[in-house]
Amino acid sequence: MKPLRTILFLALAAFAPVKTFACAACYGGNIDSPMADGMNWAILTLGAIVATVLGAFLTFLIYAIRQKRGAYRSG
């Protein structure tokens with residue numbers, strides 16, 4: 001049963017249209033389409049959110065390290 005499933009999967013993958021494997025940002029077919037614009041804005045927004053959270057975390061770590069060093073100096 002398992003080899004039949006494997007053969008069926010490979011046959012479906014081999015005959016599937018190429019356009020179904022790529023999103024609007026990666027395919028590059030019609031870069032002026034609204035779907036491509038939306039995908040690009042989504043990628044940019046997610047990147048900005050990740051950068052903001054990582055920056056806030058790094059800022060907190062620097063603040064905590066400086067507070068810890070200051071506590072040892074004045075004590």
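What span should the 14 residues of helix α1 (residues 2-15) have at 1.5 Å a residue? The legends below begin with that helix. This is a predicted model, in which local features need pLDDT of at least 70 and side-chain atom pairs count only at pLDDT 80 or more, while totals for chains, interfaces and linings use all residues. Residues are numbered from 1 along each chain as its sequence is written, and side-chain values use heavy atoms, without hydrogens and water.

**View 1. Helix α1, residues 2-15.** Helix α1 should span 20 Å, and its end C-alpha atoms are 20 Å apart, which agrees. The expected span is 1.5 Å times one less than the number of residues. Helix α1 is hardly covered, with 0 buried residues among its 14 (buried: under 20% relative accessible area; exposed: over 50%; partly exposed: in between; 1.4 Å probe, protein chains only).

**View 2. The chain as a whole.** The chain has 3 helices and 0 strands, in the order α-α-α. Helices (H or I, at least four residues) and strands (E, at least two) are DSSP runs, numbered from the N terminus. Of the 75 residues in the chain, 4% are buried.

**View 3. Confidence along the chain.** The mean pLDDT, the predictor's confidence in each residue from 0 to 100, is 81 for the chain, and 72% of its residues reach 70 or more. Where pLDDT is low, the predicted coordinates should not be read in detail.

**View 4. Leucine 61 in helix α3.** Leucine 61 has 35% relative accessibility and therefore counts as partly exposed.
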